[in-house]
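Take a look at the model below.

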Amino acid sequence: MKLSKKVVLLGHFGVGKTSLFRRFIDNEFSEEYKVTLGVQIKKKVIQLPDGRELSMIIWDTEGHSNTVEDTRKSYLLGSHAFIYVFDLTREDTYKNLNSDLDYLKNNYNKVVTKVIGNKLDLVNENEASKRLEEQRIPFDCLTSAKTNENVQDFFTDLAVEITK
Amino acid sequence: MEDPKDKLQFNPQIQVTKVSYQGIIEETDTTLFKWSKGMLIYDTHPFFEVLRTLEDSHFIDKKELNFPCIHLEEGKLERICDLTIKPNGQQITIFLYDYTDKYKEVNQIAQQKNESILLAKELELRNKYLLEKEEFKNSFIANINHEIRTPLTSILGFVQVLEKTPLTFEQEELARIIKRESRHLNSLIDDMIDIAKIESGTLKIVQERFAFRDLIAGFDETYSKAAKEKEISFETYVESNIQEYLIGDRTRVYQILNNILNNAFKFTEEGRIKFTISKNYQRTNKLSLTFKIEDTGMGILEENIPYLFERFTRFDHDKQISGTGLGLAIVKNLVDLLNGEIKVISEPDKGTTFCVKLPFKFEITKTTIGRKKKKYTLPPNKKKFRILLVEDEEITQYLIMKILISQGTYFVDIAINGEQAINYIEKRQYDLILMDLTVSKIDGYKASQMIRNNYGDKFISEIPIIGFSGKTDHNARDKCIRSGMDDFIAKPFEQEELLYKIIKQIAKKAAD
């Protein structure tokens, strides 16, 4: 049977979830902001280092405006990984990050959860990392969907992790 | 999000599909999508991969699962559907409700709402960025100012030292050029700092009593000499009913008039420059003056006049004349800050007239006694005076040493930081301390406070202290005085000014 894993993109609206989704799946980027309503789902087949093929089913969900609890529960069913995306230029997109992570951990403890700070092209990486550390904001990766910085590597690493 | 009642009004089209637990379509209609019996549901859209992951536990509380607002594509066709998945014996029944039109409507509203929030955030961010940039620029200018003024002090100072040595005529001329250009560079730095201060709103206007007629006499003296050199005529007329002393910002009034006069001289090669000061009105203790500066210079094209006061404006014919294009921008900003008005009339090849109206105040009760710069002499009881120079830059140390030692009346000790200065004054008696404000370990302000407060011995606690620095923000002098210093001198300083201040402080101390 084909290896298939469900990955859900979560986070505030306008943080670049759809841009990351499009960058990873189709290697495309648009400056134009288009709101996502509900969920868009696409599949990408990834060649794993051990030769297996993974069918990554990515759910690009509608951004919430407050906490991740606002996301429809049914979208999260059967997930193998959550990618919580925040915008490095908007503090309000990560002010609830720690409580959101607690919520995910308490309700979906078997699901791998990763945190991405996106829009790296708009900030100085060192300053941004330092600021996040000072504010005790955990993150796994800083990306730019616009420049494709760290995007492919992030998803590849995630694919390996969820198929271990 | 959408109100379910609203959604009902849409009467969605529905497709019902039955699949086996292996995902094979066993029964379907084609109302929305062209699926057929025997197809694998997983091949129709990645959404249905969810069926592989669903477990019985997901259905424990409910008999069905609902997935609202799912974007389903088939080729180029996209429908936004609500899906209901219902286990039914050996089959799973999937109900697809097409709400595309309704969701597209909701989408527009959400788009507008989110866009306006994002735009507000973007503006906030841009504003923050501009403020940070402005802050960086101001601090950069303040720092670069200090860095430039220090070597400039050395250049100006050493040229003055050099001028006092035997020089050939040619060397004398070269020294004169270096001095002139250094002063010009210094005034350019002043312009840059003023523009930065004006833009950041930190330029403070002061109201002080000053000798107005002396100020005008100073212009007359300086520019009469310049006119003589250029072989043009310069005339100054001051209405006799204008007070000797006025209240206003002397420095800024000087800057405005000096800039305009300087410009008039730059652009006038023949003819005359006329400087007229007249009174517009006087009420109680307020008066308004008009300063008119007329020249017979090259003039300005009418279409260029509106751009005259913009920063870095230099017209084609200006290019051969030195300048930054900041002078008139500063003038306009200063006139505005002083609540004045400025007008220009000009005709190419005939000349230009600048009219500046400025408000002032004057004291009604006080008599207007002239305040001439008082002369001081060193006390005759000592032949030599010991000065402690607190300075960490070698070049400035050398310059001040040269200036003081050439007078033949001073011994100079050098401390390279505040801590060393404190050690020195405890061991030796000094007549004066020249204190750089930014020395290391203990800075000039702190060291002065310690000298004033920590010693019972008057020979230490009352040593005259003159602070000096290249950082010439408006409160440097006030800060020096508050720290217990007696005076302040800004870099780059003229040799005469430094010596005057030293003699003044030593003489004052001796008179106490």
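What follows starts with how to read the model and then moves through its parts.

This is a predicted model, in which local features need pLDDT of at least 70, side-chain atom pairs count only at pLDDT 80 or more, and totals for chains, interfaces and linings use all residues. Residues are numbered from 1 along each chain as its sequence is written, while chains are lettered from A and ligands numbered from 1 in the order in which they are written.

Begin with chain B. Its secondary structure comes to 13 helices and 17 strands. Both kinds of element are DSSP runs, numbered from the N terminus: helices are H or I with at least four residues, strands are E with at least two. Chain B has 512 residues, and 27% of them count as buried. Buried means that 20 or more other C-beta atoms, placed from the backbone, lie within 10 Å of the residue's own.

One helix of chain B can be checked for length. Helix α5(B), residues 212-230, has 19 residues and should span 27 Å at 1.5 Å a residue; its end C-alpha atoms are 27 Å apart, which agrees. The expected span is 1.5 Å times one less than the number of residues. Just after α5(B), Glu231(B) takes a positive phi of about 60°.

Now the interior. A nonpolar core is a set of buried Ala, Val, Leu, Ile, Met, Phe, Trp, Tyr and Cys residues joined through C-beta atoms within 7 Å. The largest has 60 residues; among those that touch the most other members are Val7(A), Tyr84(A), Ile70(B) and Cys81(B). Strand β4 of chain A, residues 81-87, gives the most to this core, with six residues. Apart from it lies another core of 35 residues, including Leu399(B) and Ile463(B).

Next, where the chains meet. Here 26 residues of chain B are in contact with 20 residues of chain A. Contact means C-beta atoms, placed from the backbone, within 7 Å. On the side of chain B that touches chain A, α3(B) provides the largest share, 10 residues. That side divides into 15 nonpolar, seven polar and four charged residues.

Last, a helix pair in chain A. The axes of α1(A), residues 17-26, and α5(A), residues 151-162, come within 10 Å and cross at roughly 80°. The two helices are therefore roughly perpendicular to each other, a term for angles of 65 to 115 degrees. Leu20(A), Arg23(A) and Phe24(A) in α1(A) meet Val151(A), Gln152(A) and Phe155(A) in α5(A).

Notes: Axes fitted to C-alpha atoms, helices over the stretch in contact; angles between N-to-C directions. Parallel < 35°, antiparallel > 145°, perpendicular 65-115°, else oblique. Contact = placed C-beta atoms within 7 Å. Buried ≥ 20, exposed ≤ 12 C-beta atoms within 10 Å, placed from the backbone. Nonpolar A, V, L, I, M, F, W, Y, C, P; charged D, E, K, R; others polar.
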